[in-house]
Amino acid sequence: MPIRHAVLFAVVALALQACADMTTTASLPPRPPVDPRTQMAELEARIFALVQDERHKIDPAAKPLALDAELISVARAHSTDMAVKNYFAHKSPTGESSADLIMDKDEKWQGLLGENLAAQHFNVGYDVDIDVFAHRFVESWLESPSHKENLAFAAYDKTGVGAAVSGDTIYVTELFATDLGLPPVKDNPKSRKVTEYPDAKTARDAPPPKPVPRPPS
């Protein structure tokens, strides 16, 4: 679903420590900062927890979100692709979306898929405060009506968060999904296609697309 992107910039300061003895005071050399690439799994987990909380504050009747391995894999792939190719969009420079990636991985996947994106700059050489950055990512979505509506859509019951780093920027993708109670796929997988809608409610209420007939044998 095409939605407005949210970008937020943050700077994190590093406090240096010092030690002292009875006669002299000397500054310890600063420890090297933590490689932010090693912190992405922790950031993903924190964003997931915050979104889960905010979702139920907005709508107590919303279904709880379960982490889904397939959605996590695709969310990470999209964030990594944005980081490597230096773009920020729901579709890659070659036109692939997260929905396309899911269909490629699982030809029987069907349902409603929503996506929120965000990116933040950080000071290279300084620690990234995971809790601060996670709150800022989620707050940026809550400040955008379309992002907020997406993460709060009550029918979603699965999610996956993926984060990646490039230079001084952290990219985050969160995917939300529901199968809408549809029966298992029985038609030709190649007959199915991705249909885009402006928001989750419109997609939920739209009639299912007609399958493409099988080619004659």
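Tutor: In this predicted model, Phe153, Tyr156 and Phe176 form one aromatic cluster. A search of the whole structure finds two aromatic pairs.

Student: How is a pair of aromatic rings described?

Tutor: One states the distance of the centres and the angle of the planes. For phenylalanine 153 and tyrosine 156, the ring centres are 5.0 Å apart and the planes stand at 70 degrees, so this pair is edge-to-face. The cut-off for that label is an angle over 60 degrees.

Student: Are phenylalanine 153 and tyrosine 156 buried or exposed?

Tutor: Both residues are buried.

Student: Why is the pair of tyrosine 156 and phenylalanine 176 called stacked?

Tutor: Their planes are at 25 degrees, with the ring centres 5.6 Å apart, so the pair counts as stacked. Here the cut-off is an angle under 30 degrees. Phenylalanine 176 is buried, as is tyrosine 156.

Student: Which parts of the chain does this pair tie together?

Tutor: Tyrosine 156 belongs to the loop between helix H5 (145–152) and strand E6 (158–166), whereas phenylalanine 176 belongs to strand E7 (residues 169–178); the pair therefore ties together parts that are 20 residues apart in sequence.

Student: Where in the protein chain is confidence lowest, and where is it highest?

Tutor: The lowest mean, 29, is found in strand E1 (residues 6–9), and the highest, 98, in strand E4 (residues 66–67). The pLDDT is below 50 over residues 1–25, a stretch that has 64 contacts in the model beyond near neighbours in sequence. For the protein chain, the mean pLDDT is 81, and 77% of the residues reach 70 or more.

How values were computed. Residues numbered from 1 in each chain as written. Predicted model: local features only at pLDDT ≥ 70, side-chain atom pairs only at ≥ 80, totals over all residues. Heavy atoms only, no water. pLDDT = per-residue confidence, 0-100. Helix = DSSP H or I, 4+ residues; strand = E, 2+ residues; numbered from the N terminus. Contact = heavy atoms within 4.5 Å. Phe/Tyr/Trp six-rings, centres within 6.5 Å; stacked < 30°, edge-to-face > 60°. Buried < 20%, exposed > 50% of the residue type's maximum accessible area, 1.4 Å probe, protein only.
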